[in-house]
Amino acid sequence: MTILLAGCGDLGTEAGLRLAAAGHRVVGWRRSPEKLPAEIEGAAANLSTAELPPVPADTTAVVIAVAADASTEEAYRSAYLDGVAHVLDALERDHVTPARVLFVSSTAVYGDAGGGWIDENTTPEPGGFSGRIMREAEELLLKRLDGTETLPVVLRLGGIYGPGRTRLIDQVRTGAAVIPDQPRHTNRIHRDDAAGAIVHLCTMSAVPSPVYLGVDNDPAELGDVLRFLAAELGLDVPPTGSLGAARGGNKRCSNALLRETGFSFNYPSFREGYRDILAGVGVRHP
């Protein structure tokens, strides 16, 4: 297979290395292709513009995995909405019809569920501009590929953590962490499992569903995660306090549909993942 990674940062690079190791040709589009490992054929591309490189004629699957330059509505719109539109435009321009286009979205498309469970059948109700723009990008993908021979697949990832993504560890180490005085569920996925899910959904023989939630098996309370990290680091338990409104809402995301495809997690909960990070396992790709 030939896989085009439209957006090839840390997550895309990890997915690309796994695809290449499985024997596939991998092409990576990013602004700084010289940073890509030799296993990925790099091409200079800015997805927020319409001038994109030629799409390989034999492209089997496209992965759109972009990140906003800043936490602003303008930056999100440029990265996600414009990014999806421009990649689809390039496919039409070059008359390439891949079997699948996978868009890496976010569980931010859901609002607050009061700690309740949500899945792919839950109606998205974004609470902020990030989730709203992600949802618009999803809808654009589904609309433009409707009636074509290309299957759209949306992978809504929870909070990605992994090598070099140590925000909670740093907060515990510096004493900045606060255990919320009200229950607050969090949904996360290790970078390696997120990359593994991308590879799985691009290459599995079964026809994928339109949407999957990419989260681990344990939508843990934030307080439990912070207490665990403090114990692993040999530090005092962080104090309890008020954190205000929950970023991303208080919800528990189910990964049942993804697991039903045969996908299994290397890091089924935060415990295994953070232990490996603390042990120095893995690297963050530039």
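Predicted model: local features only at pLDDT ≥ 70, side-chain atom pairs only at ≥ 80, totals over all residues.
Residues are numbered from 1 along each chain as its sequence is written, and side-chain values use heavy atoms, with hydrogens and water left out. Local features need pLDDT of at least 70, side-chain atom pairs count only at pLDDT 80 or more, and totals for chains, interfaces and linings use all residues.

Helices and strands were taken as DSSP runs, numbered from the N terminus (helices: H or I, at least four residues; strands: E, at least two). Helices α2 and α3 form a packed pair. Two packed helices are described by the angle between their axes and the distance between the axes. Axes here are lines fitted to C-alpha atoms, for helices over the stretch in contact, with angles running from 0 to 180 degrees between N-to-C directions. The axes of α2 and α3 cross at roughly 10° and come within 8 Å. Helix α2 is therefore roughly parallel to α3. The classes are roughly parallel under 35 degrees, roughly antiparallel over 145, roughly perpendicular from 65 to 115, and oblique for the rest.

Contact means heavy atoms within 4.5 Å. On the α2 side, the residues that meet α3 include Tyr76, Tyr80, Leu81, Val84 and Leu88. Those of α3 include Phe129, Ile133, Met134, Leu140 and Leu141. The residues of this contact divide into 13 nonpolar, 1 polar and 7 charged. In this scheme Ala, Val, Leu, Ile, Met, Phe, Trp, Tyr, Cys and Pro count as nonpolar; Asp, Glu, Lys and Arg count as charged; the others, Gly among them, count as polar.

Side chains of opposite charge can pair when their charged atoms come close. A salt bridge is a side-chain nitrogen of Lys or Arg within 4 Å of a carboxyl oxygen of Asp or Glu. The count by this rule is 21 salt bridges. One of them joins Asp89 and Arg144, at 2.8 Å from N to O. This pair links distant parts of the chain, 55 residues apart: Asp89 is in α2 (residues 73-93) and Arg144 is in α3 (residues 129-145). Asp89 is partly exposed at 35% relative accessibility. Arg144 is partly exposed at 25%.

Arg135 is partly exposed at 21%, and Glu139 is partly exposed at 40%.

Arg191 and Asp192 also form a salt bridge, at 2.8 Å from N to O. Both residues are buried. Salt bridges that share partners join Asp10, Glu14, Arg18, Arg165, Arg191 and Asp192 into one network.

Arg191 and Asp192 are among the buried residues of helix α5. Helix α5 (residues 191-203) has 13 residues. Its first and last C-alpha atoms are 19 Å apart, close to the expected 18 Å. The expected span is 1.5 Å times one less than the number of residues. Of its 13 residues, 12 are buried, so α5 is largely enclosed by the rest of the structure.

Helix α6 (residues 222-233) has 12 residues and reaches 17 Å, close to the 16 Å expected. Its buried residues include Leu222, Val225, Leu226, Phe228 and Leu229. The buried residues of α6 pack against α4 (167-174), β9 (179-180), β10 (188-190) and α8 (270-278). Just after α6, Gly234 takes a positive phi of about 70°.

Leu258 lies in helix α7 (residues 256-260). Leu258 is buried, at 0% relative accessibility. Leaving aside neighbours within four places in sequence, Leu258 is in contact with Ala197, Leu201, Tyr212, Leu213, Gly214, Phe263 and Phe265. The C-alpha atoms of Leu258 and His200 are separated by 9.7 Å, and the residues are 58 residues apart along the chain.

Thr13 lies in helix α1 (residues 10-21). Thr13 is buried, with a relative accessible area of 2%. Not counting residues up to four places away in sequence, Thr13 touches Cys8, Arg30, Leu36, Pro37, Ile40 and His285.

Most residues other than glycine have a negative phi. His95 has a positive phi, near 55°. His95 lies in the loop between α2 and β5 (100-106) and is exposed at 71% relative accessibility.

Technical notes. Buried < 20%, exposed > 50% of the residue type's maximum accessible area, 1.4 Å probe, protein only.
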